Amino acid sequence: MEKIKILLIDHEEDFIKNFSERIKSRILELDLAVNGEQALELVVNVKPDVIILNPRTPGIDGMELLWDVKTAFPDIQVIILSRHCSIQNRMEALVAGAYRLFEEPVD
């Protein structure tokens, strides 16, 4: 069985550390990015199956990154994790092609 490749994009080091430990314990392949530019490079080179994106990550705006990813790689599923889940943010993310939007903290 082929491992699912996940790209986690977030600027909060504690969150990345905790989340990556959970993912790795489930024998999933994980790459990490702390800014939009690094994330875009990994998307092109690694072609993950799933992206977990904090839209407030520095560099390329998270929503712009979402549009770029879904335009170039429509089969990549993007999950948004945000502390700012207004109805407007949810609609914008879903229109841009996000698979799902979760409000932090997530269990």
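Helices (H or I, at least four residues) and strands (E, at least two) are DSSP runs, numbered from the N terminus. With that in hand, welcome to this predicted model, in which local features need pLDDT of at least 70, side-chain atom pairs count only at pLDDT 80 or more, and totals for chains, interfaces and linings use all residues. Residues are numbered from 1 along each chain as its sequence is written, and side-chain values use heavy atoms, with hydrogens and water left out.

- Two strands count as paired if DSSP finds at least two bridges between them.
- Strand 1 (residues 5-9) and strand 3 (residues 50-53) run parallel and are joined by four bridges, with I6 standing opposite V50 in strand 3.
- Strand 3 also pairs with strand 4 in the parallel sense, over four bridges, and here I52 stands opposite I79 in strand 4.
- Strand 4 is in turn joined to strand 5 by four bridges, again running parallel; S82 stands opposite E103 in strand 5.

**Helices and crossovers**

- The path from strand 3 through helix 3 to strand 4 is a right-handed β-α-β crossover; right-handed means that, with the strands pointing away from the viewer, the path from the first strand over the helix to the second runs clockwise.
- Another right-handed β-α-β unit is made by strand 4, helix 4 and strand 5.

**Strand 3 and the cores**

- In a regular strand the side chains alternate between the two faces of the sheet.
- Strand 3 is covered on both faces, with V50 and I52 buried on one side and I51 and L53 buried on the other; buried means under 20% relative accessible area, exposed over 50%, and partly exposed in between (1.4 Å probe, protein chains only).
- A nonpolar core is a set of buried Ala, Val, Leu, Ile, Met, Phe, Trp, Tyr and Cys residues joined through side-chain atoms within 4.5 Å.
- The largest such core has 21 residues, and those with the most contacts inside it are I9, I51, L53, L66, V78 and I80.
- Strand 1, helix 2, strand 3, helix 3, strand 4 (77-82) and helix 4 (87-96) each supply at least two residues of this core, and helix 3 gives the largest share, four residues.
- Another core, of ten residues, lies apart from the largest one and has I6, L8, F19 and I23 among its members.
- L53 is in contact (heavy atoms within 4.5 Å) with I9, G62, L65, L66, V78, I79, I80 and L81, leaving aside neighbours within four places in sequence.

- N54 is in the loop between strand 3 and helix 3, and N54 counts as buried because its relative accessible area is 5%.
- The side chain of N54 reaches the backbone nitrogen of R56 at 2.8 Å.
- Beyond neighbours within four places in sequence, N54 is in contact with I9, D10, H11, E12, L81 and E104.
- T57 is in the loop between strand 3 and helix 3 (62-72), and T57 counts as buried because its relative accessibility is 6%.
- A polar atom of the T57 side chain lies 2.7 Å from the backbone oxygen of N54.
- Not counting residues up to four places away in sequence, T57 touches I9, D10, H11, V34, N35 and G36.

**A93 in helix 4**

- A93 is found in helix 4 and counts as buried because its relative accessible area is 1%.
- A93 and I80 are 13 residues apart in sequence, and their C-alpha atoms are 7.7 Å apart in space.
- Leaving aside neighbours within four places in sequence, A93 is in contact with M63, L66, I80, A98 and L101.

Methods. Polar contact = N/O pair within 3.5 Å; in protein donor to acceptor, adjacent residues only side chain to side chain.
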